[in-house]
Protein chains: 2
Amino acid sequence: MKLLQERIINEGKCLDGGILKVDSFINHQLDPQLMEAIGEEFARRFADCGATKILTVEASGIAPALMTGLKMGLPVLFAKKQKPSTMEGMLTTSVHSFTKWQAYSLCISSEFLKAGDRILFIDDFLAYGNAALGVIEIAEEIGAEIVGMGFLIEKEFQNGAKFLREKGMHVESLAIIESLDNHTIKFKE
Amino acid sequence: MKLLQERIINEGKCLDGGILKVDSFINHQLDPQLMEAIGEEFARRFADCGATKILTVEASGIAPALMTGLKMGLPVLFAKKQKPSTMEGMLTTSVHSFTKWQAYSLCISSEFLKAGDRILFIDDFLAYGNAALGVIEIAEEIGAEIVGMGFLIEKEFQNGAKFLREKGMHVESLAIIESLDNHTIKFKE
């Protein structure tokens with residue numbers, strides 16, 4: 001997606017350890033018009049997947065998932081990273097975060113995710129695919145099906161997409177980064 | 001806002017201690033169409049406030065803030081509740097959470113909030129106004145102006161709006177709850 005790639009080139013910052021910082025339009029400040037375009041693009045790519053619900057993870061996944069849900073006419077569910085005091089019937093799994101180098105829990109209420117649901121998972125980054133794997137585990141546990149996984153930015157060198165496709169997933173990434181070596185953003189051709 | 005009140009009546013759950021649970025369309029699952037209508041309503045109510053930026057707090061504020069930003073053509077900034085490892089030049093303050101009965105930090109990068117900014121603050125709940133107060137403190141610290149504060153649900157009996165108006169704030173709440181006594185939702189006429 002050219003619009004997204006241009007923003008990454010113009011505003012993205014490469015940090016040590018293969019981290020790409022895009023705080024000015026995805027992870028801290030948001031550009032609503034860009035998010036709307038992203039929602040339209042996911043809706044186009046996943047038009048035939050038969051999803052009944054969008055699933056994402058707080059907090060940075062919420063904006064693109066909401067816009068995708070708006071364009072596809074689907075409800076959006078965001079998994080929480082801490083057990084809420086008021087949640088009952090919780091589905092939970094542990095995820096290792098690449099950026100923060102620590103584990104966190106993914107929590108989803110069984111009230112909103114059920115057997116037979118067809119889930120489109122949307123998230124900001126695809127690195128090693130750890131959050132996506134957590135979602136797959138929860139879906140398997142309750143008998144829901146994941147019909148697509150869409151990411152704004154894929155770091156191809158961390159092999160998350162390869163890992164997810166080997167599990168049979170339909171993966172779409174809007175910007176695919178081949179390398180961040182020498183603090184330089186290199187997109188896949 | 002009639003549409004929002006109807007959803008609260010139909011799906012809201014009163015928990016002990018004055019807590020209203022609206023997990024099915026605001027705090028866990030989201031209804032994108034409702035959020036779009038909410039964004040339109042805030043854009044209408046704050047049309048003349050001269051805002052240059054929308055500010056909210058992760059995670060539940062993101063959806064209504066994003067839709068308000070889309071309708072008003074403004075960038076959206078979401079404050080984080082934990083200090084991110086990659087954030088520099090951080091503005092921070094401590095907030096006491098009513099629902100979770102504990103304190104958390106509000107963190108905003110000084111890269112995205114500057115002297116002269118005219119901030120429209122959007123959040124899901126207004127209880128005692130603690131998060132709003134934290135935002136006021138940060139704005140004062142850097143010399144930004146808060147030109148409006150919009151909330152989806154105001155719990156009037158916890159006096160947050162009164163407190164904020166005494167500080168000179170323009171407060172707009174889309175649904176105002178007078179009481180949750182006896183686990184019954186009573187709206188202000």
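Predicted model: local features only at pLDDT ≥ 70, side-chain atom pairs only at ≥ 80, totals over all residues.
Which residues of α5(A) are buried?

Residues are numbered from 1 along each chain as its sequence is written, and chains are lettered from A and ligands numbered from 1 in the order in which they are written.

**Stop 1: the two chains**

**Stop 2: the interface**

Select the residues that touch across the chains: 27 of chain A are in contact with 28 of chain B. Contact here requires C-beta atoms, placed from the backbone, within 7 Å. On the chain A side, β2 (19-21), β3, α3 (32-45), α4 (62-72) and β5 (76-79) each supply at least two residues. Helices (H or I, at least four residues) and strands (E, at least two) are DSSP runs, numbered from the N terminus. The largest share of that side, 5 residues, is from α4(A). By type, the chain A side has 15 nonpolar, 6 polar and 6 charged residues; Ala, Val, Leu, Ile, Met, Phe, Trp, Tyr, Cys and Pro count as nonpolar, Asp, Glu, Lys and Arg as charged, and the others, Gly among them, as polar.

**Stop 3**

Colour the open sheet of 7 strands, whose order is β3(A)-β5(B)-β4(B)-β8(B)-β9(B)-β10(B)-β11(B) and whose pairing is mixed. The edges are β3 (29-30) of chain A and β11 (186-187) of chain B; each has a single partner strand, so one side of each lacks a neighbour in the sheet. Two strands pair if DSSP finds at least two bridges between them.

Zoom to the join between the chains, where β3(A) and β5 (residues 76-79) of chain B are antiparallel over 2 bridges. There A:Gln29 has B:Leu77 as its bridge partner. Further along, β4 (residues 53-57) and β8 (residues 118-126) of chain B run parallel and are joined by 3 bridges, with B:Ile54 partnered by B:Leu120.

**Stop 4**

Select helix α4 (residues 62-72) of chain B. Of its 11 residues, 11 are buried, so the helix is largely enclosed by the rest of the structure. Buried means 20 or more other C-beta atoms within 10 Å of the residue's own, exposed 12 or fewer, and partly exposed in between, with C-beta atoms placed from the backbone. Just after the helix, B:Gly73 has a positive phi of about 70°.

Together with A:Leu66, B:Leu66 touches the most other members of the largest nonpolar core, which has 117 residues. Such a core is a set of buried Ala, Val, Leu, Ile, Met, Phe, Trp, Tyr and Cys residues joined through C-beta atoms within 7 Å. Not counting residues up to four places away in sequence, B:Leu66 touches A:Leu30, A:Pro32, A:Met35, A:Ala63, A:Leu66 and B:Val76.

**Stop 3: α5(A)**

Return to the opening selection. The buried residues of α5(A) are A:Asn130, A:Ala131, A:Ala132, A:Gly134, A:Val135, A:Ile136, A:Ile138 and A:Ala139. They pack against β4 (53-57), β6 (90-97), β7 (102-109), β8 (118-126), β9 (145-155) and α6 (160-166) of chain A. After the helix comes A:Gly143, with a positive phi near 85°.

**Stop 6**

Select B:Gly160, in helix α6 (residues 160-166) of chain B. B:Gly160 counts as buried because 25 C-beta neighbours lie inside 10 Å. B:Ala127 is 33 residues away in sequence and 5.4 Å away in space, C-alpha to C-alpha.

Finish at A:Gly12, in the loop between α1 (2-11) and β1 (13-15) of chain A. Leaving aside neighbours within four places in sequence, A:Gly12 is in contact with A:Leu20, A:Lys21, A:Val22 and A:Ile185.

Note on methods. Contact = placed C-beta atoms within 7 Å.
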